[in-house]
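Here is a short briefing on one protein chain. Please keep the model open while reading.

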Amino acid sequence: MIEDLQDEFSAYSKPKKQASPKTVLFALVFVLWVIFSAIYILVSMPRMRSALKETDAVRIIKNAKSYRISAESSPYTLYFVNPSNGAVMPFVANVLYSGSDRFHDAMEGLLKGPTDEALSEGYLSYIASGTRLLGITVSSGYAFVDLSTEFASSSNMEMAKKQILLTLSALDESVRNLVLLVNGTEL
């Protein structure tokens, strides 16, 4: 009777499936990869620690709040037009620090136009309102300035160019040449 029940039970039970060779190979490769990665990390840990100490990265990360870009401003000499004599004149204005280089910040300040103080003294800008800075590169005495299409509608293009060149050369005396682009196309 017990034998009959065993025979009957074995007739209903499913045969055990063996793992396929692909599955076994995959599992073996995965385990080897984990072991290799752990050994690599343990071996390279001293080098990683010394690199972190040399670069002071841990302190920078811990003090990340103190490294945030703030809305600080710096004084820049911007050139605007004095309508009483038609000359392009320097005006020192505080420009917000954007995190870019000083040429970028000065151009952003110039494109915003005269401050309230400059306007009260009669200064104006011939750079068309709404002009945006798309890019700026200064190299070997040349300033390449890419502006948005609004710049093309400036009322006095020569005076607008002079404002830009004088503002950039106030930051670096070697800047003597200006290449203006509008949406990447040279004027």
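Glu150 is partly exposed, with a relative accessible area of 27%. Partly exposed falls between buried (under 20% relative accessible area) and exposed (over 50%), using a 1.4 Å probe and protein chains only. The model is predicted: local features need pLDDT of at least 70, side-chain atom pairs count only at pLDDT 80 or more, and totals for chains, interfaces and linings use all residues. Residues are numbered from 1 along each chain as its sequence is written, and side-chain values use heavy atoms, with hydrogens and water left out.

**Salt bridges**

- A salt bridge is a side-chain nitrogen of Lys or Arg within 4 Å of a carboxyl oxygen of Asp or Glu.
- The count by this rule is two.
- Glu150 pairs with Arg132 in a salt bridge, with 3.4 Å between the closest N and O atoms.
- Glu150 sits in the loop between E4 and H6, and Arg132 in the loop between helix H5 (116-120) and E3, so the pair ties together parts that are 18 residues apart in sequence.
- Arg132 is partly exposed, at 46% relative accessibility.
- Lys161 forms a salt bridge with Glu158, and their closest N and O atoms are 4.0 Å apart.
- Both Lys161 and Glu158 belong to helix H6, three residues apart, or about one turn of the helix.
- Lys161 is partly exposed at 27% relative accessibility, whereas Glu158 is exposed at 56%.

**Overall build**

- The chain has six helices and six strands. Both are DSSP runs numbered from the N terminus: helices are H or I with at least four residues, strands are E with at least two.
- Their order from the N terminus is α-α-α-β-β-α-α-β-β-α-β-β.
- Of the chain's 187 residues, 26% count as buried.
- A contact means heavy atoms within 4.5 Å. Among contacts between residues at least 6 apart in sequence, 56% join residues at least 24 apart.
- The chain's accessible surface is about 13300 Å², and 59% of this belongs to carbon and sulfur atoms. Areas come from the Shrake-Rupley method with a 1.4 Å probe; for residues, only the protein chains shown count as cover.

**Helix H6**

- H6 covers residues 157-171, 15 residues in total.
- Gln163 is buried, with a relative accessible area of 0%.
- Leaving out residues up to four places away in sequence, Gln163 touches Tyr79, Phe80, Val81, Val88, Leu110, Leu124, Ser125, Tyr126 and Ile127.

- E3 and E4 pair in the antiparallel sense over six bridges. Pairing requires that DSSP finds at least two bridges between the strands.
- Leu133 stands opposite Leu147 in E4.
- Two residues lie between the strands of this hairpin, and Ser140 takes a positive phi near 50°.

**Nonpolar patch**

- A nonpolar surface patch of about 1200 Å² includes Leu25, Phe26, Trp33, Ile39 and Val43. Patch residues have over 30% relative accessible area and no salt bridge; like charges are joined within 9 Å, and nonpolar side chains (Val, Leu, Ile, Met, Phe, Trp, Tyr) within 5 Å.
- Phe26 lies in helix H2 (residues 21-55) and is exposed, with a relative accessible area of 61%.

Technical notes
Expected span 1.5 Å × (residues − 1).
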